[in-house]
Amino acid sequence: MDKYLAATTKKVSNHIYDDVAFVILSKLPLKSLFRFCCVRKSWSVLFQNSYFMDMFRRNFLSKDHPYYNDTSLLLDHSAPWDNGYKPSVLYSLFGERFENTVKIDWPNPYQVPHYFRIYGSVSVNGIFCIEDNGRVGSFGQSRSVTELGRIVLWNPATDECKVIPPSPFAFESPCWDPLIEFHGFGYCQGSDDYKVIRHLTFFPLSDGDWEETWKDGYHDSLWEIYCLKINRWRKFDLDMPTQRIGGAGVYTDGVCHWWGESEIDDEVYLVSFDLNNETFVKTSIPSNMDYIDSAIVFRHLNMLNGSIGFISNYAETSTFHISILGEVGIKESWIKLFIVGPLPCVEHPIGIGKKGDIFFRKKDNELVWFNLNTQKIEELGLKGGSFSCRILIYKESFLPFERKE
Amino acid sequence: MAEEKSQASSSKMLTLKASDGVLFEVELNIAKEMKTVQAYIDDCEDIETIPIPNVLGKHLAIVIEYIKKTNEEYDAEFEKQWNMDDLQLLLLAANYLNISGLQECLCKAIAKRIENKSPEYVRKVFNIENDHSPEEEAKLRKEYKWAFEGVDKD
């Protein structure tokens, strides 16, 4: 009897064959998959195996990533430009197919209405960092020095507002005109503080006094950081690539990410700036990621179901290539996951919702969303201006962000 | 072996015979969750005892229990009781019997357990032979050095 049992145990105890192993592997994060390349030959070509990649993609899109827990989608919307300035309107998107929109009022910290726009693509503990574009009706008029580049921290759920004081560095010299570029807003776990990082570039005023302007030579560009706890801007010296035009930036747990262009070598990098220790990491893009024979219109940085990624827009083929990053700092860990299209009517992405809902603006200005699972496009019922609409991930919070001690 | 059968009014009972000869009496609707068994029944309507040659009695018992109790809560706790060997054998059983819910649950569980492990651990656990040449493996380890950081000690 024992011999019989032993024989059947041996027969039953098979090792897991590749087809079953692949099902297990397809649930693992990229870092594990790169490590397990060493296990055996067939596992070292997983990313070229279409059976495996189909499973990986399905799992990737369907998993519930904590980044999106209790979140809803907002749309920062500007109508198409025809005859003048179109202010931003903020909407909340509801419904399975986002068929319901509810307008959210901008805050009113000045007792007179202002134009606002939201920076970034996600709320931080329920707070947005918003750009103050001046008093309603004042568009085109010159603004006082303290008003330029003004930003406000705002919690839409409680309507708590904090107008951030102007930068003391931007207007130090009357002969130099500052270009103030927001780069990131986030929360530092270590210091329990909120920070904003901006870059200032200076241009000599054409009608300035020549001698005054060049008295001390060139006015160097600089980084500045604002900390909520001390309510002050501080100069910050770091040789870090600044943001290329057109990116909203991405934020994950105390780290601000943007597409950076290096002044030195003209290369494009993903720059990941850690707000806690105020250091950064560059991740370049492997040259073989792009089609050589098709010009890229741009790369749109975003989060795809919890992973940092980008959408490359190939004008000639009207296709969109979606890649994700396995590990920040490792250029070999970019994986191309999806090729969408051809979608000749689509102009550019405006953001990504949960689980593979990609929002686009079409060439006829219609805002649409594309589901990576069903591959269907649906209209939102709104027309938007070029590069002026954005989808935001919002997680409501009722906690006050300013502690009055 | 005369068994006292209480007359279950409507549900027909079926007997499953594991590879080591252990017999299990299950209700038809439970057995039907195993698509392989369902196919067997479809083919031979009058069958009362179905042989399950690939699955040991101890694992068949666990599978049947899973089918009876499966829900979100049960599934979350289910895998914690089993060691890696049992998980794999249960997965092979679930594959053979074609029970998709259990397959998914077990694949997820095994994935979670190996996520942070070394390639050596994975080879051992899955009983896989390394067919890389030493040079090939060294090259891969060097190229993906970053993927080995923070790995659990074996």
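## A hairpin in chain A

Strands 10 and 11 of chain A make a hairpin with four residues between them, and A:Asn231 in its turn has a positive phi of about 55°. Strands here are DSSP runs of E with at least two residues, helices are runs of H or I with at least four, and both are numbered from the N terminus. This is a predicted model, in which local features need pLDDT of at least 70 and side-chain atom pairs count only at pLDDT 80 or more, while totals for chains, interfaces and linings use all residues. Residues are numbered from 1 along each chain as its sequence is written, chains are lettered from A and ligands numbered from 1 in the order in which they are written, and side-chain values use heavy atoms, with hydrogens and water left out.

Strand 10 runs antiparallel to strand 11 (residues 232–236) of chain A, and five bridges join the two. Strands count as paired if DSSP finds at least two bridges between them. Within this pairing, A:Glu224 stands opposite A:Lys235 of strand 11.

## Strand 10 and its cover

Strand 10 of chain A spans residues 222–227, and six of its six residues are buried, so the strand is largely enclosed by the rest of the structure. Buried means under 20% relative accessible area, exposed means over 50%, and partly exposed lies in between (1.4 Å probe, protein chains only).

In a regular strand, side chains alternate between the two faces of the sheet. Both faces of strand 10 in chain A are covered. A:Leu222, A:Glu224 and A:Tyr226 are buried on one side, and A:Trp223, A:Ile225 and A:Cys227 are buried on the other.

## The sheet around the hairpin

Strands 8 and 9 of chain A run antiparallel and are joined by twelve bridges, with A:Gly186 opposite A:Lys195 in strand 9. Strand 9 (residues 193–204) then pairs with strand 10 in the antiparallel sense over six bridges, and here A:Leu200 faces A:Leu222 of strand 10 as its opposite residue.

## A second sheet in chain A

Another open sheet of four strands in chain A has the order 3-2-1-25, again with antiparallel pairing. Strand 3 (100–104) and strand 25 (390–394) form its edges, each pairing on one side only. The twist here averages 35° from one strand to the next.

Strand 1 (residues 72–77) runs antiparallel to strand 25 in chain A, joined to it by five bridges, and A:Leu74 stands opposite A:Leu392 of strand 25. A:Thr71 is in the loop between helix 4 (50–62) and strand 1 of chain A. With 10% relative accessibility, A:Thr71 counts as buried. Setting aside residues up to four places away in sequence, A:Thr71 touches A:Lys354, A:Ile393, A:Tyr394 and A:Lys395; contact means heavy atoms within 4.5 Å.

## Chain A as a whole

Chain A holds five helices and 25 strands. Its C-alpha atoms fill a box of roughly 100 × 55 × 45 Å along the principal axes. Of its 405 residues, 53% count as buried. Among contacts in chain A with a separation of 6 or more, 53% are between residues 24 or more positions apart.

The accessible surface of chain A is about 19,300 Å², and 51% of it belongs to carbon and sulfur atoms. These areas come from the Shrake-Rupley method with a 1.4 Å probe; for residues, only the protein chains shown count as cover.

B:His59 is found in helix 3 (residues 57–69) of chain B and, at 2% relative accessibility, counts as buried. Leaving out neighbours within four places in sequence, B:His59 is in contact with B:Asp86, B:Leu89 and B:Leu90.

B:Ala39 sits in helix 2 (residues 35–43) of chain B, where its 39% relative accessibility makes it partly exposed. B:Ala39 and B:Asn29 are ten residues apart in sequence, and their C-alpha atoms are 13 Å apart in space.

Definitions and conventions:
Axes fitted to C-alpha atoms, helices over the stretch in contact; angles between N-to-C directions.
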